[in-house]
Structures are given as C-alpha cells and as structure tokens.
Amino acid sequence: MSSEPTPPLILGKQTDESLTQSLLAFVWDKPADGWKKLMGVLTLFVLMFVASLVALLYKGTGVWGNNSPVGWGFDIINFVWWIGIGHAGTLISAVLLLFQQKWRTSINRAAEAMTLFAVVCALIYPTFHTGRPWFDWWMLPYPSTLGIGPQFKSPLLWDVFAVSTYGTISLLFWYVGLIPDLAALRDHTKNRVTATIYGIFALGWRGSGKHWNHWKVGYLLLAGLSTPLVLSVHSVVSFDFAVSHLPGWHATIFPPYFVAGAVFSGFAMVVTLMVPARKFMKLEHVITIRHLENMCKVMLVTGLIVSYGYGMEHFMAWYSGSEDEFTLFFETRARGPYAPWYWLMWFCNLGIPQTFWFKRMRTSVVWMWIAAAFINLGMWLERFVIIVISLHRDFLPANWSMYYPTVIDVMMFLGTWGIFGSAFALFLKVLPAVAISEIKELNHEINHHAHHGEQGHSIEGNVAPAGGH
Amino acid sequence: MNTNQKSETTVGFALPVLNQVAPAVIPSKVAPKTESPFGGEYWLSVGESLRKNASIDPLNDDEGEFPPGSTSLDAVGRRDFTKLLGASMALAGVGMSCSRPPTEVMVPYHKNPDGVTVGNALHYATALTYGGYATSVLVKAREGRPIKIEGNPDHPSVAGKAGPLELAHLLQMYDPNRAKLIRERNGRTMAKKAFVDVVNARLSAPNERGAKVRFLVEPSGSPLLASLREEVKTKLPEAKFVSFTPISQQARHDASKTVFGLTLDPVYDFSKAKVVLSLDDNFLMAWGPNLANALAWANARDPKLKEQMSRLYVVEPALSTTGSMADHRLRLRGSQVEGFARAVAKRLGGALANTSGDLQLTPEQTRFVDAVVDDLQKRGREALVVVGERQSAAVHALGYAINSMLGSIGTTVRFIQPIIDDTATGAGALKALADELNSGAVDTLIITAKNPVYAGYADIDLAGAISKAKHSFYLGLFEDETAGVVGTFINAAHALESWGDAKATDGSILIQQPLIEPLYAGLSEAQLLALWAGRGEVKGLELLKGLHVKKNTLAESDFSKALQLGFLAGKGEGVETLASAERALGLPVTPAIEGLELQLVRDGKVHDGALGNVGWLQELPDPITKLVWDNALMISPKTAKEKFNIQMKSLMDAPAQEAHLVTVTVGSATVTVPLWIAPGHADGAVTLALGYGRRSASEKIANGESLNSAAWASPFGNGRTSLGVDAYALRTSSSPWFMTATVEMTSGKQQLSCTQEHWDMHDRKVALESTLGHFTDGSLAHGLEELRAPLATDTTQQATKQVTLQAPVDYSNVDYKWGMAVDLNRCTGCSACITACQSENNIPVVGRDAIKRNREMFWLRLDRYFGSAPGSSFSKAEIEEGKHLEEPTIITQMVTCQQCETAPCEYVCPVNATVHSEEGLNDMIYNRCIGTRYCSNNCPYKVRRFNYFNYTGDYTSSQKLAQNPDVTVRARGVMEKCTFCVQRIESARIVARRTDSKIQDGTLQTACQQACPTSAIEFGNLNDPNSRVTAAHNDERAYNLLQQLGTRPRNRYLTRIRNPHPMLAAAHAPAAGHPEAHE
C-alpha cells in the first residue's frame, strides 16, 4: 500500500438528513435535459431492438450471420458477454458484504441493478437464438404427457437452471436491499400517487428495530445464497463450451477462467457506468476516488487471472500433443483471418489493465473510464475468439468457412444496449442509485469511531480488497 | 370437401416392376389437375382459406397477382408491416408465432383406385433422352405422382445407376415455371384444338408438298420419331428435317465414316481395359451414356487386382472428373491434344509411323508420352484410347486407328450402328437452315430442338432468321429464348408425361412411358409430328403401339414385358470392322491455336443449359471447383500470375472471396466473367462452361430471378441476379470448342458462391491415398493401423480400451448394425449421390446467397482436396507463386453423417431431439428440435444442416408433389441430417417381417449408394459377417475419419490407391510406408 493516507469512503461531514437529501435529489428533481436526451437516444435503440426482433421472428434465424460451421455467432457471444457483465453486481453485493468490505456500500445498488439489466439482456439471446423460440419451454422439466423431458446431460439445460436461479436471486437480493430506501422514498414524497406506489413496494416498512433485525438476517441469507451463484453461473456458462470436444472449447480451465473474466468485465462495466453517473448525479461524496481505485485493483487482478487462463490454454494446446488444438491456438488464432481481433483481445485484456499497477492511472477517472471501455471490448472479443474462431476452422478443412455478422446482428446487439441503458437510466430516475440506509449506517459507524477518537481506522483497515494485495 | 369424388381409374399400361405388390394394370392417371389425390383440397390455415379462391388451379397458384417471392420481407407493404409488427410481438409471447406446421386433415380415398395401396411405392421403367442418347430409368411413384428417379437395375448399360442430370428431370417436370399454354407471339393464348386446326389447314392446302417447311429437331435415336419423320415426309415430301444439338457428336461420326467407311458409334468395355488413355474425354462425368463406362472402369481399378489394376492417363486442358482420377495427367490446351495424339501415334509406329503434325514435346511431356506408349504397347488388346466430343474428326480417327492397331477393337471397344439417326448435328446444318430462312426459301419452321436460339452459334443469327419465317412453331417445356422469337409456342409434355421410345448407348431400344397425365396438357414431340403427318391429335400410346405392336408385329404380351423392363430385348447390332490408319492419317492436321486459347466445356452441373431451371443442378457443387449457381473463367495459376499479376498467396485460404471480373473477347463478341484460378489448368488457356447466362423471362431459376426471393436468400443479397455468363455468345460455327480469345482485366470484382473455401488438407489425415506399391507390400495397412478402430465385428473390452474410458455400447446382440463404407478409390466426385440424396430426402435448394453464407443444406457433401504428388516438395516462395497448384493431385471424399456410436451431437441437445436407436443409428427427431444448433457445433464432421429460413415454405403445389412422402419436409428452425435413409431401412424391415426373414444384404440401398455410378458406397449390416459392408470395413485400406476423437463412426473410408507407371513414378522419391495426406 502506498504511504499516502487512504482516502475516505464518505467525503465531508454528513448527517442522515443531508445524506437522504443528497442521495434522493436525483429522484425528486425534474428530469435534467441531459437525462431526457439520453433517454431519447436509448429509446431509439430499444426500437431498433424491436425491429430486429420482428425480423428475426418473422424470417428466421437466417437474418443473423450464423452458418455452418459457425452455428453460434453474435447470439452466444453477446449472451456470454452480458452474463459476464452481470457478475460484478452480485460479487460486489454479496461476496464483499460477507467479507465486510465496507467500501462496497456506495456502489452495490447500482451494480446490482446493472446485474439485473444485464441478465435481462443476456436472456434475450438464448431465448431467441433457437430456431423455434416458441418451443423453448421444452427445455423446462414440466410433467409432459408425451413422456419426454429435457435432457439433463446437455449444458444448455444447466444454463437454463443456472441463469434463471441467478436472475431470481439477484432480483430478490436487490429488492430486499431496496426496501428501507423505498420506505424513505415513500416518506419523502409529497405526491400521493408516488407515495402509494413506493408504499406498495416498501411492504409496510416502518424502520422498527424488529424490521431492521429481520431485514439484516434476510439480507445476509440472500448474500450467502448469491455467493456460490457468482461462481456457479459462469462456470455453467463455460460448460457450454468445455463439455463439447471442439478445439478451443474443450478445456478444463474454463470454469475458473470464465468466472474471473466475468468479474473482470463486470467491474469494467460498473466503472463505465458509474464514472459518468457519479458526475451527473453529484455523488462524488459517496462514490469516492477510493471506490474507483479499488475497482481498478480488482480489474488488474482479474485481468491477470484471465490472461493466465489464455496462457494455460496455449500451454495445454502444446502439451496435449493434439494437432487440432495446436493448429487452432498457434495458427488459426494467431495467424488466421481473425488474427487482428485476437491480438486486440490480448491488448485489451492483458495490456490495458497493466496500467493499474500505477496509482496515478488507478486514480485517474478519465483513464480508468477509457481503460474500462477497452476491457469491455476485450471481453467481448474474448467470447468472439472462443466462439467464432474455434468454430470457423475445426477438424475438416473442407468445412472451414468465415463468419460475418449481418446488419440485424448489429442492430440487435445495439438494441440490447438500448434496453440496458434505458433500464439503467430509468432506475437512476426512480430509485436511489446508492443504498441510502447502508450509507447512513456506514456514516454512523465512521462518525461513531471518530467520536471515539479512532479516526475510523478500523473501518479504513477493512476496506483493502483482499485480492489486490 | 368433396369426399364423394369418384376415384380416377383410367386404365393405363404402366406396369409395376420390382417386388411391388400390385396388379398388372394400374392407373397412370391418379393426380387430376384440380383435386389432390386424397379427394379434395385442404386449407393449410384459416388465412389461406380466406386467401385462396377455390377456383384457382393448385398447380397454377404461383400465377397469382404477384410473382412468387414478392410477399417476402423485401417487399413488405406498410399495412403488412404494421400487422406483422403487432402480430409477431403479440404472438411471440403466447407461443404461436411464425412457422408452426399447419394443421391438416388427411382423408383417405373414398374408393381405392385399383392397384394402389396407399403408402406403397410403385416403380415404373421409362427412358430419359438428352441430345439423342437415352438412359433407362426407374421412376418411383407414390399415389400416382412420380417422386424419385433411379437407374434401371435391369438395363445393363445403367445397372441401376443414375447421374444428376437424370435425377433432375423429376424436379423439371414439377417446375412451376413450365409453360402451361399454347401462346402466339402477340401474347394471345390458343386452344389446343385451334392449333390442331391450324396444322390441318396447312396440310390440306392444295398442292402442299412441304417445300417451304422445315423441322428443326433434336438428334434422336427413337424408332418412333424416325417412323413419324418418315410419315411426315410422306405427307410433305419436300419438307426437310434439320438436327441441332449444342454438344454435337458429329466429329466422332465423321471420323468413323472416314476410317471405317461407315457411321458407327463405339461401345467401350472399360472392365477389360488395363490401360486407358483419355484424349480430352471426360468419360467419368456422371450422365446417362457414361454410367456403364464409369462402373466398368471402377471395377477394373480394384487394387486387389494388383499389377492387373487398370491405369489411367488423361490429357486435357482443365481438370475434369476424369482428370481427377488419373494416375498421370498431362495439362495441354485443347487444340494441342491433336498434336499429342499424333505424337503418341507416331511413337507407336507401325502403320502410324508416318504420322505428321505431332506436338513439339517438352522433356517432361516426352517422358509422359514414353510411358503412355510403353503401357499401350505392353497391354495391346487390353489398352483403350478414348477421345472426347470436343476433339476434331482427325483425333477421333487417330484414336480409332490406335485402338485398331493395338488390337483392342473387339476387347475394350466394339462398334455398333449409330445410336442417333441424324448424322449432321453440327453447325453446318444449322447455318444452311438459317440461310434458307433468310432467303425466304422456307416459310414454315417447326422447332422441337431444345432452345436453339439460346444454344446456337454467335455467327448464325438464328433469332433473326426465325422471325423471317411466316409461320414458326416451337414445342418447348418453357417459354424460353426461342419461344420469344417464334410465332406460336406450344407447351410440351415432359418426358415423364409422355409415351415414346429411345435408344440407349448400347443400342438397345428403351420404352418411355408416362408416370402421370401431362400436368399442363402439353404435347409430346411424337404427337406434334403425328399432327404434321396429318394424323390429327393421337394419343401417345396409340402411336407407340402403332409402331411396335402393329407395324413391327411385337406381341402384345412382349410389349407389356418391354414396358415392365423398360426396354426391348436385344442390343445394337455390332459391326466387325477395323480402322484404316492410312485414312486416319489422311485427315488434315489442325495446328494448335497460337496465343491465349479459350476452351468451352460442357458444364459439370447444367451441361448445355437445357436443365438450367432445375434448382438441384444449379446448386450442385461443381465436382472440381465446388462453384454453384454460376460459371466462371478458369485460368491456370501461372497464366493468372503472368497475365494479370494475381498473387496466389492471397487465394490460398479463401479462393471464393474475390473473383476479378475480366472481359473475354472472341471476334466481335465480348462477355464479362469472373476469373477463377483453377489448379491443374493448362497454361496459356482459359476455360468457360456452357449453359449459363440464360435470358429467358419464364425460367426464373435459370435467369437468376428466383435469387431475389428472400425466402431462400439473405434479405441483404448483393442484388446481381443473372446467373453466370453466356458462353454460347462466344461460340462460332467454325470453332465451337477452342478459339483464340483476348482476356482483359476490369476493375470489377464479384464474389462467387462456392461450397468449399479451402483447397488443401492442411497436413491432416482426412482423405488418404497411397500407391499400389504400398498397398501390395502391406505398408499401407501398417500405416493405417492408428486410424482404425477395432474391427467392426470386434466389440470386446480389450480391443476398445485404448480409445475410450467408457465401455462402448454392445451392438452385437441386435439384428442390424447399420454401417457404410466409401471407397475413395472408386469415388470420382461425380456428385450423383448429392442429387440422389436431395431427391430422396426432400432437401431444399437454398440459393446462391445462402451458400455464400455457408448455409447449404446437403446432407451429403463431396469434399475436394488438392494436393501435391508424393515426394514433390516446394519451397515457400514456390508455394506463394502457386507452383504447387500447377500439377496438383486431387481427391474427393464423400462426407455424410458418420452415425458415430458415441455421437457428440447427442449429449448436447437440451430437448432430446437427437438420440441413438438400438441399431446404432443417430436419429434426428425433427418435430422435437428447437434449433439450438449446439449439435452442429459439436459435430466434428459438420454434417448437420440447419433451416435458417423457411426454405420449404414457398413451395408451389407442384413442387409439393415432388416431395417424398416418406420423409418429413422440414420447417424453419430445425436441424436436419443424414439418416442413412432410415425410411428405406424401415420399408425393407416391413417387407422382411412379412416374410418372417431378415433384411438380406443387397436388398436395401441408401439413395446415394443406389445412384453412385462407380458403386463407391457400400451400406448394410455390420452384424452380418458376410455382408459387403463388413468386408469393406475389414478391408486393409479402411480407416475411420477423425479416429483421434473416439467417435466410433459407422462410416469407413477405403484409401485411394494410385497406380503410377514406374517410369513416371521414379521422378518422385517414394514416400515412407504411410498413407500420404495431401499437402
């Protein structure tokens, strides 16, 4: 750790009242012009999504660029990418909660919301990438009178369970965390309609000690439930590839490497979103440079794990002696027609995070935002490399063919951005982006320690992310 | 719904053959025009019932307000779009969107027609004629509609085989673009009766002797047509018949006339030939007349014959199917082949020692000629020289003379009376006719030849000449280019709809019987001639029986027997003769063309273009280039480098990506055509295939219009719709095949559709070949050990331990363990199997743009790899220059579902849509499939095919009739794959069960196996130790594809064996005792 004093988690002297005011201000204020413009643009993207979906349903999967041999293209790349992004939320909320990392409180709400919206975007793809989406329910183990059920050997089925469980728990966790804040919203509004709506969702929260007690237990239990899910979801997603026998897919390192990659991309997305949001919503006092720096440290660590994964894949390709594997890693990827994308992936995922060894880069808001954008791109390319490059040249050279996405592919991907972005913008507008109750608790703890002349050191000492050092 | 409809029981004379249970007389007319064979028409959906006007003829339903394809996304109107927008979103949610199969009610016959058992197929023998040469076929019919064409197993020149061209006739018959009416030039339609009156009026004119009447006909060997022509000549003594076909055999006939003094046709017996020299003869190209040759040649290539195994030398300009099978191949420009033939003749000496005009040989060519001469002399009577249709009469004459001198006439070749009656089939006759028309000497022209305006010569303005005729009539299947210039177009009956006869290449007379009443009440050529003979409208059967039963006094029972067999007893009469070398040498020497030479060639898919509107043929990958839907100008790597500075390096991986557009100019004609680098092409020459660049408005597939249909193309197609370029525009009557041309580069580029982007095998052990030496000394078998699973019959733990941890399923206790074997030594890559599979399994045609996106639907494909001769090695610089592509070896490998015992596709399916049968077949359940495509991703052979669009959704009623009812027609979003023709297995099982026996080896064939001209495919029961497939699996040449994956495939490949001449093989250092993968 550097010799400089650790920057604080909450800036300035804050009271419960000042925190409530400042953190709810964005909800109560009239929508800013910037927000409206953003929503306008995002709505166009959503409409683009709708148009591409209509084309897909009306014409068939062929409006995408998928082909034989590349049976999966943008659909599964984007699915895995969005699911990966969805990981930071749960990791920040649950795992850091269990490890009592106090610095999580300012960012967990937004990260959880991001998780949910990312999962929604992710789910669009497996739902509609099937040739006949209207029969998707055949993947569910319902009591069929035909006596035929889903096939439990297929990783796609595991996906159904893993992702739906993850989505459900994430939603519950987010919602339970929101309850005290929903009550605060209810209590602070002067409008009867909004008071009723917030009131319904606040489930009659009165802030009694009993409520807090039950809430705490429930919240912790959900945190405990979500923690293994962080590991399981992306492990299961990685089985979609690892269980097959395609060179480039068939690798035992996939589960941990996918999980690390998910956390990597998830944190990058949190940074991508929170850096501008914090500025627009004037949340610099609760989302401090210290939060951002910690996230950079997590990105550095997970980036290194991911790169280790790449290295191991190459090592195994050589060590296994398999001609097909060797060709894929050392010729097709490195020198094939998609090689520029492959090398760009290395640059984004291994190169860019190395700047975070330097405190100046870690604390530069502008640089970290740029770096996070690169990492988002890099992690998308990672999925492209795994899926498309592996599929486009497999065993028999006669089958080797190129894959090119279509306009609809691109429209749909940008459309999911629209869904994600507009949902996030709406969330910022109608719900507190920062968990007010938790911030107040943290503020209380800091003040309490300060009162005892400890300068909050014990809390400060807790904040160092375990993985970063 | 009219269930009281009277069943049609018109008695025909079509007799069932094979072991079908059916009475002797069955109806040939079961599918009436306006009613389905099931007794009515059914709505597919409520929407359709509202849309459909009950009075619309179901076979004409594409003739609605808009042409087919116009209701696609490209042309969605505002209201439709809004409807769709709302409906798709709403319906997607409640699970009833888009392409669910329609609910249909099936009603059986109210009264069963005699002889039809619903669900049982009947087979009828008939004949298909192309350019005058007929093939005996069996047509499979279900409930009165023909659904598949197969070779006639009883006819010796076919032996049950069929090529793509024959198979494609089925789809042509059901083609919705077919002409349906008699139409005059002003567009008015004419009733058939009115047309009959027109002819009769002409005939009854006073003093009509037909002096101004000409018939332009296709060459024919049909006794019926011959007798009708005689009848016409009796009625109109001064009328003349002119023959035309774009691929004329006149040079062959002229040569025969010169050296034998008689016009004769050769009949080859390749089974006796130990050495074959092909002078530009693509005798392995799969179409009717070649079928017997291909099988006989393949039988003589069995490596078990050891040193008696036949050897093949091929001299040709561009790689052909035959060239790809050669042990030694010499690239020569087409016009140089004559010089080569003269060089061989000269070296052979004897009566031919005085041959002049021989080619100046390079040292390499000299060694080739030495080897050829050595082999020919050594084998003598067992040698065979064959000459291709493009070569001049002098080369044919030399070929006959060499065969004669070697003594092979009588062993490997015999001569019979000519198959076709017309001897003048070349350009001369057509030119004379055009002159007559232009001078006004002729005022009535009746055309029954196939589309002469399109397929004619650039220097004969036939269209202009025809329009000068006062009366011109054209009998055709389509309102094509020729139809556009004649006065009256008459819609023809298809070969499968009409009675007739024809001659096969062995001279036997085939009977052509209809499978169905003419769908559009067309006339056959025989009926048209009968009209002009003044006999009025006569039924085809009456004409046929009039000739064979009444005139030739064939007994009625013998006629029935001939119908049943498909041919009359007896063969073409042999003629004992020897060629005169002196006369052969008397023919003038044609010097080789100087400068860049353009070669025209029969197309590997659509031949001369007459079947260009058949989607199966358009989409059939060319055996060598793997191009579909287009032709391109072939050029050798060296010439491309020298002339256009095209870098080979950029083409190595994806040759299909960018084809430069070049202009080809011959005389005053210029065409713009994409340039295609063709490995193994002769330097200093370019090759262009005939049959493309169609301009007929009605043939929507041939002219490329169908490619606009978004239903089977990407909605973002590249807009260029014409298919290929018209090579006939460059063809002159004086030089129909080889000519001087100028080729200029343009700045344009075009992406061609190609089913295989990669040329080489990347050092992988995929399609293997070895030499006879390695085969006989056992080193091949040793080298293959690691590529073989334990023998097919050996399922003990011990044997399988190395390849899998899991004990494999024991299939030894089931009755049948289905397996297949493909002999690469026999597979010529002719592609008959692909079309057979498409026809049998209802595989849709997807279009050019879909193939650009690699979405072909073939369940069975032929992978073609170029390689280098064993021992040859190239430096990196040479490879970048394309040196290794100059003399490549080439191998074709048929790949279909390998029916892996441990199938990687099965365990990844989330809904159990692909599962294993107890007999070890990897079954696909289409209606369970939701289309995740994971199975395809996990299939190492990539043989699964996905319905990216609703390819079968826009079938017209007639196209629906072409579908095999035993096989599901797949909807959009469903994965499909080869099933080893499970429907055939099940029918065989039903037959076997009825007799309480097991399916006997040989009684069950898959569609690909059945069609394969060289019998390269074996299929059967691996649990039967005596079956042929077991023997093939245990052959020492057998290996598993991708053995290292442990998939335990049920399909095995037999290594191809080359039989090089020691004199030429010595140039290459012999490789180690390993099968060589191509590099």
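How many of the twelve residues of α3(A) are buried? In this predicted model, twelve of the twelve are buried, so α3(A) is largely enclosed by the rest of the structure.

**Helices of chain A**
- Helix α3 of chain A covers residues 74–85, and its end C-alpha atoms are 16 Å apart, which agrees with the 16 Å that twelve residues should span at 1.5 Å a residue.
- Among the buried residues of α3(A) are A:Phe74, A:Asp75, A:Asn78, A:Trp81 and A:Trp82.
- Helix α2 of chain A, made of the 27 residues 33–59, reaches 39 Å from its first C-alpha to its last, close to the 39 Å expected at 1.5 Å a residue.
- The buried residues of α2(A) include A:Trp35, A:Met39, A:Phe49 and A:Lys59, and this helix is followed by A:Gly60, whose phi is positive, near 120°.

**Nonpolar cores**
- The largest nonpolar core has 270 residues, of which A:Trp82, A:Phe241, A:Phe267, A:Ile387 and A:Phe427 touch the most other members.
- Leaving aside neighbours within four places in sequence, A:Ile387 is in contact with A:Trp72, A:Ile76, A:Ile77, A:Phe241 and A:Trp249.
- A second, separate core of 64 residues includes B:Leu430, B:Tyr454, B:Ala669 and B:Ala727.

**Confidence in chain A**
- Chain A has a mean pLDDT of 85, with 92% of its residues reaching 70 or more.
- Over residues 453–469 of chain A, however, the pLDDT is below 50, although this stretch has 33 contacts in the model beyond near neighbours in sequence.

Technical notes. Residues are numbered from 1 along each chain as its sequence is written. Chains are lettered from A and ligands numbered from 1 in the order in which they are written. This is a predicted model: local features need pLDDT of at least 70, side-chain atom pairs count only at pLDDT 80 or more; totals for chains, interfaces and linings use all residues. Side-chain values use heavy atoms; hydrogens and water are left out. A nonpolar core is a set of buried Ala, Val, Leu, Ile, Met, Phe, Trp, Tyr and Cys residues joined through side-chain atoms within 4.5 Å. Buried means under 20% relative accessible area, exposed over 50%, partly exposed in between (1.4 Å probe, protein chains only). Contact means heavy atoms within 4.5 Å. pLDDT is the predictor's confidence in each residue, from 0 to 100. Helices (H or I, at least four residues) and strands (E, at least two) are DSSP runs, numbered from the N terminus. The expected span of a helix is 1.5 Å times one less than its number of residues.
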